[in-house]
Structure formats: C-alpha cells, structure tokens
Amino acid sequence: MKLSKHVSPSDSSHIQTSTVPQPDQFSALLLVDLQNDFFPGGALAVPEADSLIPLINAYIKHFSRQGWPILATRDWHPANHSSFIEEQGPWPTHAVQGSRGAQFHSDLVLPPGMMVISKGTDPKKDSKSGFDGTSLADRLEDLNIQKLYVLGLPTEHCVKHTVLDGCQRGLRVVLLTDATKGGIPQKKDSLNPLQEMADAGACLANSSDLGISASSL
C-alpha cells in the first residue's frame, strides 16, 4: 500500500487500508514507550500525547477482556547513556532508570502482570526498536504470537523501528494509528514514517477496524 509522503504521522484517518486482520489467541498488543518523558511536561514530550490515553485504555481493555497478551516496551537508560546531549548524543536526558520520567503515565490502566520489556539499557547503544537487544522476540515466540498490534510514542522513532523490526521478523504487524502520535523533530529528508511502515508490510488500522466503539472509551 502506497501512502502520500505528505501525510502527517498523526493524520491517517482518511487512509484506506486493506482488510484488517482481527486479533485472536495468536495476537498480542504492544504498548511502545508510554512513559512520562514522552508525554507533555516530559523531557521528550510528544505534543498532545495525553489526548490518546482514553483510547489506549480502550485498546488495553479490549485485549484484556479476551485474555490476549499485552506487553509494553520502555526506554530504561542509565544516567550516562550515549544518546544524551551531555554524552555528545542527540537527545536530552530522558527515561533514566528509576526516574519519574521513566515511569508509565499514571492515567494508563495497565493490566496486572503485564510484561515489560526494557530497552536502551546499554550505555553505549541507542536502541530505538523494542526488539533491539531485548527479550521481546523470545517472549512473543513463547506466546506463539503471529499478529502484533502496536501503539505508542513517538511514531517516527521507537514506534516505527519496532514495527519495521516486527515485519522483518515475519510477524503480521498492525499499527493502531489513532493511538499513536509523533512530533519529535527528525531529519527533514526522512520518509513519512507511515509510508515506511506500510511499505515494510505493516497494516494501518484504527479502533473502528477492531470493533472498538466510542462507548468503550
């Protein structure tokens, strides 16, 4: 599926997708980096990201009700991480292990026993994907997951790289566009992240495609 390069990462409601695969017992929901530092007031805040929380909670409720697995990635950086400006990296200090900024947003209704995948723990490596240097692939294999439904922050960085890696590993990846948001500056010559993910084989979907109505919010 080809998308216009002019499509905004936060405006995909008009994009027509092919038949959206429906979640089942071989599916999991992956929450990407829903940490305080990526919400308004945080060190790497995505503008208006807090507006997504009711819908994110609806997705969590939808999967939890069926007993389908829910996992969450988080940046979990040591204080001297190489990606930080203080260490000659590109980003402000964020998601430091044990800090408030590294905690999940308090308005999220996270299920008990949710699997948490920590990434970016190596001080010398900037891991953007939830699969990079983590146990995520092994966890999904243990759960016999074939379809991975992804939402989170920010679209153009950790969400995109996680989706691309998932596709490369042979998973059927569905990006939940209405619960995903970007806005952190990137290189001007970068492709539209939705374009990249769709070209890699990801399906773009929203809550109505999964039968989640406004009454679920």
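Val32 stands opposite Thr73 in strand β2, where strands are DSSP runs of E of at least two residues and helices are runs of H or I of at least four, numbered from the N terminus. The chain crosses from β1 through α1 to β2, and this β-α-β crossover is right-handed; that is, with the strands pointing away from the viewer, the path from the first strand over the helix to the second runs clockwise. The model described here is predicted, with local features requiring pLDDT of at least 70 and side-chain atom pairs pLDDT 80 or more, whereas totals for chains, interfaces and linings use all residues. Residues are numbered from 1 along each chain as its sequence is written, and side-chain values rest on heavy atoms, without hydrogens and water.

Strands of a sheet pair through backbone hydrogen bonds, either parallel or antiparallel. Here, 6 strands form an open sheet with parallel pairing, in the order β3-β2-β1-β4-β5-β6; two strands count as paired if DSSP finds at least two bridges between them. At the edges stand β3 (115-119) and β6 (203-205), each of which pairs on one side only. On average, neighbouring strands of this sheet are turned by 25 degrees against each other, direction ignored; axes are lines fitted to C-alpha atoms, for helices over the stretch in contact, and angles between N-to-C directions run from 0 to 180 degrees.

Strand β1 has partners on two sides. It is joined to β2 by 4 bridges and to β4 by 6 bridges, running parallel to β4. In β4, Tyr149 is the bridge partner of Leu29. Further along the sheet, 3 bridges join β5 (residues 172-180) to β6, and Leu176 has Ala205 as its bridge partner in β6.

Helix α1 (residues 53-66) packs on this sheet, touching β1 (27-32), β2 (70-75), β4 (147-152) and β5, and its direction makes about 140 degrees with that of β5; contact means heavy atoms within 4.5 Å. Helix α3 (residues 155-168) lies across β1, β3, β4 and β5, and runs at about 160 degrees to β5.

How much of β1 is buried? 6 of the 6 residues of β1 are buried, so this strand is largely enclosed by the rest of the structure; buried means under 20% relative accessible area, exposed over 50%, and partly exposed in between, with a 1.4 Å probe and protein chains only. In a regular strand the side chains alternate between the two faces of the sheet. In β1, Ser27, Leu29 and Leu31 point one way, while Ala28, Leu30 and Val32 point the other way.

Some of these side chains belong to nonpolar cores, which are sets of buried Ala, Val, Leu, Ile, Met, Phe, Trp, Tyr and Cys residues joined through side-chain atoms within 4.5 Å. The largest such core has 34 residues, and those with the most contacts inside it are Leu29, Leu31, Tyr59, Leu151 and Leu176. Two or more residues each come from β1, α1, β2, β4, β5 and β6, and α1 gives the largest share, 7 residues. Leaving aside residues up to four places away in sequence, Tyr59 touches a set of residues that includes Leu29, Leu151, Leu176 and Asp178. Apart from this core lies another, of 22 residues, among them Val32, Val163, Cys167 and Leu171.

The whole structure holds 5 salt bridges, each a side-chain nitrogen of Lys or Arg within 4 Å of a carboxyl oxygen of Asp or Glu. Asp24 forms one with Lys147, their closest N and O atoms being 3.1 Å apart. Asp24 lies in the segment before β1 and Lys147 in strand β4, so the pair ties together parts that are 123 residues apart in sequence. Asp24 is partly exposed at 23% relative accessibility, whereas Lys147 is buried at 14%.

Another salt bridge joins Asp33 and Lys119, with closest N and O atoms 2.8 Å apart. Asp33 sits in the loop between β1 and α1, and Lys119 in strand β3, 86 residues apart. Asp33 is buried, at 0% relative accessibility, and Lys119 is buried with a relative accessible area of 1%. Together with Asp75, Asp33 and Lys119 are linked in a network of salt bridges. Finally, the side chains of Lys160 and Glu196 meet in a salt bridge of 3.1 Å, N to O. This pair links helix α3 with helix α4 (residues 193-199), and both Lys160 and Glu196 are buried.
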